[in-house]
Amino acid sequence: SAAPATSERYRKAKLGTVEIRKPMIRSLEDTHLLRIGRPNSRSLVAFGQVFALAAGLHPLVAQTPPLWRLATPDFEVGGYAADSASELAELGGVTILPNGNVVIGDRVAPFLKVFDPSGTHIRDLGQSGQGPGEYQYVYEMDWCAHGELSVFDVDRRVHRYTGDMTFVSTELVSLDAIGGGVAYMRDCNPNGYQVVTGWGDIQAQFKEGLYDATAPVVLLKGEDVVRHFGECLSSQRLGAVRPDGAPAGSGPHPFGRATVVALGSEEVYMGDGRDYEIEVYDLSGNPLPSIRWTGPSLRYDRDLVDEFSEQAVSQAPEGSRPRLRRWYAQLPELDQFPAYDRIVVSDTDEVWVRQFVRPDAIGEEWMVFGASHELKGKLTMPPRTTLWEVRGDRVVYSVLDGLDVPIVRISRIER
């Protein structure tokens, strides 16, 4: 039957019977970076008012935006009960092709699945290996040249495809401008620009307990540096040590801040969630007026965190609950919650900003700003959702079902 096939594929991805070669620290980042997701029960258990324009800031925007909602999906594939052609495990990207087909990047082979607009499976691409068009797993995908989809592998390679998914080439990419040559977060546009954050010097910055890690942020045109923004907060991290005092690894505080970046057709967006403000730059790296708005209090509420932690503990396997409860009890307090933790730019240069998903939130609130940075609307996405892209009035997203298996959906926005 269909369900056992999906169950087997899902178990391989989640339980490690298929090796997924993520860098160890990156594997702890998935609650923060996409692309990932929000601090939720699954991810936490897994990781155990006016400013003058002359000052370079937009006035605070009106705080009563129209409330948008998602229509019934007109595209849906995946989930635990999906047939073998549509089964998904752990997503690395989803995008709509110019011909209307949808390609889904997975982290278990076959790595790319192509569907027609109705959700009918067309073909698979990409098997495991080191050769052209072969993958370790799909790290992310983006449109980094006109009519060309770039699929980034975990091992510094990028696989290039035409808009109809005809394979072009596999190339090795090394980002010397950020040190270490590997992107921590990246966004690009079809004109050849990309904004990239690095990993920083992980070993040199390591500390036991809570600490702020920094890394460079760079704007590139091809391989040329347009602007180096300097060292920025990469994440607020928790460092663990072994009994002999040696470093045991680190990962982000589940409610900590991190610098996020995004790129439109003409502007760069970045910020670390310290407040409700996003820095804006043109493609020459010159500062433009910031995007500013108001939102909920950012005070770190330990009672709220404790309440949410108990929910997470209750959903963990019984044998691990005592250890997990101790981990939460020892979780260092922060000076604040982040204001936001993701920025996505649509194909029409709308700027979508996900406000930080507080422990008591029912869904995920996205504030949407127009190309002129006016506040256009607010959309609440379902819980446990990843927004992959916005195309006109359609949102491409995935949601986890009750067994944590992803379902990819496309819905129109009812504005």
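Author: Start with a term. Two strands pair if DSSP finds at least two bridges between them. Strands themselves are DSSP runs of E with at least two residues, helices are runs of H or I with at least four, and both are numbered from the N terminus. This is a predicted model, in which local features need pLDDT of at least 70 and side-chain atom pairs count only at pLDDT 80 or more, while totals for chains, interfaces and linings use all residues. Residues are numbered from 1 along each chain as its sequence is written, and side-chain values use heavy atoms, with hydrogens and water left out.

Now the part itself: strand 4. This strand covers residues 102-106. Strand 4 runs antiparallel to strand 5 (residues 112-115), and four bridges join the two. Within that pairing, Ile104 has Lys113 as its bridge partner in strand 5. Strand 3 (residues 91-96) also runs antiparallel to strand 4, with five bridges between them. Here Val94 stands opposite Ile104. Thr95 stands opposite Val103.

Next, the turns on either side of strand 4. Strand 3 and strand 4 form a hairpin with five residues between the strands, and Gly100 takes a positive phi near 95 degrees in it. Strand 4 and strand 5 form a hairpin as well, again with five residues between them. Pro110 lies in the loop between strand 4 and strand 5. A cis peptide bond joins Ala109 and Pro110, with omega about 0 degrees.

How covered is strand 4? Five of its five residues are buried. Buried means under 20% relative accessible area, exposed means over 50%, and partly exposed lies in between (1.4 Å probe, protein chains only). In a regular strand the side chains alternate between the two faces of the sheet. Both faces of strand 4 are covered. Val102, Ile104 and Asp106 are buried on one side, and Val103 and Gly105 are buried on the other.

Ile104 is touched by Val77, a residue of strand 2 (residues 75-78). Val77 counts as buried because its relative accessibility is 4%. Leaving out residues up to four places away in sequence, Val77 also touches Leu88, Phe115, Gly119, Pro406, Ile407 and Val408 (contact means heavy atoms within 4.5 Å). Val77 and Arg409 are 332 residues apart in sequence, yet their C-alpha atoms are 6.8 Å apart in space.

In soluble globular proteins, nonpolar side chains tend to be buried together.

Asp404 is in the loop between strand 25 (394-400) and strand 26 (406-414). Its relative accessibility is 17%, so Asp404 counts as buried. The side chain of Asp404 makes a polar contact with the side chain of Arg384 at 2.5 Å. A polar contact is a pair of N or O atoms within 3.5 Å; within protein, one must be able to donate a hydrogen and the other to accept it, and residues adjacent in sequence count only if both atoms are side-chain atoms. Arg384 sits in the loop between strand 23 and strand 24 (385-391). Its phi is near 60 degrees, a positive value in a residue other than glycine. Arg384 is partly exposed, with a relative accessible area of 24%.

Finally, the whole. The chain has six helices and 26 strands. Of its 415 residues, 56% are buried.
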